[in-house]
Amino acid sequence: MTASFLDFPVFDIERDGVRVHGRIGGSGAPLLLLHGHPQTHAIWHRVAPALAERFTVVAIDLRGYGDSGRPAADAAHENHSKRAMALDALAAMRHHGFERFGVLAHDRGARVAHRLAADHPTAVERMLLLDIAPTLAMYEHTSEAFARAYWHWFFLIQPPPLPEALIASDPVRYVRSVMGGRHAGLAPFAPEVLAEYERCAAIPGSAESICEDYRASAGIDLDHDRADIAAGARLAMPLRVLWGAHGVVGRAFDVLALWRERADRVEGHALPCGHYVPEEAPGELLAEALDFFAPLIPSEGPRP
């Protein structure tokens, strides 16, 4: 991580017996940052300092990742549901006095952000999601090409203890295999940040939480999504979705069409990168974020 991001004060809170770890920095309108798999809040090290010049940036580790807690597995996978993770994020923001805020989220964190916005719509003012389509739609529209590229989705949901045992046998190899097997290999990742991902993957309980995260996404999270659809619930806040032009999501899915099935105000496009947008295309992402979240700054007024 860059020195300026390391200067952000760290914090730890507890919700429902689970530690939520993060950093906070900057001043101005609140902006929540949520990371993806198999990473930590360190993914934001190239954009958080500039965002903190205009926003109060709160970056947390999802439960099961980074230095946040690793709750026990349960039969329904509730402890690792996106609903539970969304409540962690909401608790972190409220801990700092923020009841309403913007959200910038990548990968697994973007799925948490989707649930946060669905369950607590008055809390989320605007939402920028990176390289995902809605979880239910991705499962329902899975193709052979997607299954081959996103093999880990289907490996991690297999019954315990095999996936956990294979990950825990060599967490560094798992991290490097998953992240290095995409468009740009391991080149985009700063050595000290990659070392941080590897350190956290080796924390006891990480393998179990990673698997439970994905089992929840293939189970209880889909139940929550189907309930939203059955109730006619839609996201009303402005939503921008960006994806990597060299990634799998944009090739395998009509990202905007699928989000427009779930939200009223959707815009977005591809960026010249692969899956790991914050680290592969930080300049482009920063420009998008400053534009999209500008209405949160009172002096800049509302965006049409």
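Two strands count as paired if DSSP finds at least two bridges between them. Keep that in mind as you explore this predicted model.

**Stop 1: the whole protein.** You will find 16 helices and eight strands. The radius of gyration is 18 Å, close to the 19 Å that the globule rule gives for 304 residues, so the protein is as compact as a globular protein of that length. The C-alpha trace spans about 55 × 45 × 40 Å along its principal axes, and 58% of the residues are buried.

**Stop 2: the sheet.** Now color the strands. In which order do they lie? Reading across, the open sheet runs E1-E2-E4-E3-E5-E6-E7-E8, and its pairing is mixed. Strand E1 (10-15) and strand E8 (266-271) stand at the edges with a single partner strand each, so one side of each has no neighbour in the sheet. On average, neighbouring strands are turned by 20° against each other, direction ignored.

**Stop 3: strand E4.** Select residues 55-60, which form strand E4. Are its residues buried or exposed? Six of its six residues are buried. Show the side chains: Phe55, Val57 and Ala59 point one way, while Thr56, Val58 and Ile60 point the other way. In a regular strand, side chains alternate between the two faces of the sheet.

With E2 the pairing is antiparallel, over five bridges, and Arg23 stands opposite Ala59. With E3 the pairing is parallel, over six bridges, and here Leu31 stands opposite Val57.

**Stop 4: across to E5.** Select residues 29-34 (E3) and 101-106 (E5), which pair in the parallel sense over four bridges. Leu34 stands opposite Ala105 in E5. Then bring in helix H3, which packs on the sheet and touches E1, E2, E3, E4 and E5. The direction of H3 makes about 125° with that of E1.

**Stop 5: the nonpolar core.** The largest nonpolar core has 101 residues, and those touching the most other members are Leu34, Trp44, Leu51, Phe101 and Val103. Helix H3 (residues 82-95) gives this core its largest share, six residues. In soluble globular proteins, nonpolar side chains tend to be buried together.

Finish by zooming in on Trp44. What does Trp44 touch, leaving aside residues up to four places away in sequence? Its contacts include Phe5, Leu34, Pro49, Ala59, Ala105, Leu130 and Leu285.

Notes
Residues numbered from 1 in each chain as written. Predicted model: local features only at pLDDT ≥ 70, side-chain atom pairs only at ≥ 80, totals over all residues. Heavy atoms only, no water. Core = buried A, V, L, I, M, F, W, Y, C linked by side-chain atoms within 4.5 Å. Buried < 20%, exposed > 50% of the residue type's maximum accessible area, 1.4 Å probe, protein only. Helix = DSSP H or I, 4+ residues; strand = E, 2+ residues; numbered from the N terminus. Contact = heavy atoms within 4.5 Å. Axes fitted to C-alpha atoms, helices over the stretch in contact; angles between N-to-C directions. Rg over C-alpha atoms; globule rule 2.2 N^0.38 Å.
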